[in-house]
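Let's take a walk through this model together. Please have the sequence and the 3D view side by side as we go.

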Amino acid sequence: MDKNTKIAFLGLGSMGAPMARRVQAAGYPLTVWNRSPARAAAFAEAGAVVTVADSPADAVREADVVITMLADPAAVRDVVGEFAPSIKPGTILIDASTVGPAVVRELAELLPDGVTLIDAPVMGSVDRAASGELLLMVGGDADPVLPLLELFGTVNRTGAVGTGAALKLVLINAVVNGVALVGEAMALADALGLPEAQVKAALATSPLAGLAGRAFAEGSYFPVRLAAKDVALATAAADLPIARAVHARLTAYPAVTNEDLAQIIKPFRSSTPSTRTAPSPT
């Protein structure tokens, strides 16, 4: 790639906006589109030298590389379906959304001949998106766009198209279920009358240290509603009783649906009243 490669970035949400800013900062000609026009306008007003497109079709018409970072399968299907007739042969589409391998296969069917599809979902929150420290699971022939992908973080080449989406589901399902497990561990500690600081310190030095770190993270933003969407994708792909139970809990508390995943621990704990007190030291 050279710095004349034209990039279109579609989806300027909490993850898409900082990723697009990294593309702009690297000096590529950048066109952006967002379903809510105000977000795209705010992106441009914040100092990014970009073209704001009125539609997905306008965004991709002259692009050499298109990046989509959208919320869910329905959004990806709608947006790709809208721009597919306008995308030119030779263009590379990088879908960074978390949609699962079945949807990636659907996207391949929507695209015209001569367009290359790469799935590149990411692990990490908004802070890592801004600093370029995401982990990308990349399926497909990514060699021509590696310099672009490496702007976002560490590239893990997973194999054929769809394997990146599959590995992302495995990893995010483990993380979300793990955060729920930490939440229940804290609820149990409350019921047993253990001090919060003591339990957090013990978790931080236990085999659950990484999950505990995410469960108590500050400055991250992965909304509970998107966590629930990702778990639902996993349960649609395999028989996962634990994940189904976690999904039921994630969708049971509307008050935290737009808050970071870590906030799910609060209703987990508040729904488990203390039944015991910790034994006195002997």
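Is T31 buried or exposed? T31 counts as buried because its relative accessibility is 18%, where buried means under 20% relative accessible area, exposed over 50% and partly exposed in between, with a 1.4 Å probe and protein chains only.

Before going further, a word on the ground rules. This is a predicted model, in which local features need pLDDT of at least 70 and side-chain atom pairs count only at pLDDT 80 or more, while totals for chains, interfaces and linings use all residues. Residues are numbered from 1 along each chain as its sequence is written, and side-chain values use heavy atoms, with hydrogens and water left out. The predictor's confidence in each residue, pLDDT, runs from 0 to 100; the protein averages 94, and 95% of the residues score at least 70. Residues 274–282 stay under 50, and the model has eleven contacts for them beyond four places in sequence, a contact being heavy atoms within 4.5 Å.

Back to T31, which belongs to strand β2. Helices (H or I, at least four residues) and strands (E, at least two) are DSSP runs, numbered from the N terminus. Leaving aside residues up to four places away in sequence, T31 touches I7, A8, F9, T51, A53 and A59.

Three of those names lead us to β1. Strand β1 (residues 7–10) is covered on both faces: I7 and F9 are buried on one side, A8 and L10 on the other. In a regular strand the side chains alternate between the two faces of the sheet. β1 pairs with β2 (residues 30–33) in the parallel sense over four bridges, pairing being at least two DSSP bridges between two strands. A8 has T31 as its bridge partner in β2. Four bridges also join β1 to β4 (residues 65–68), again running parallel, and there F9 has I67 as its bridge partner.

Now for the rings. How many aromatic pairs does a search of the whole structure find? The search finds one, namely Y253 with F268, tilted at 6.2 Å centre to centre and 55° between the planes. Rings of Phe, Tyr and Trp (its six-membered ring) pair if their centres lie within 6.5 Å; planes under 30 degrees apart count as stacked, over 60 as edge-to-face and the rest as tilted. Y253 sits in the loop between α12 (241–250) and α13 (265–270), and F268 in helix α13, 15 residues apart. Y253 counts as buried at 19% relative accessibility, and F268 is buried at 2%.
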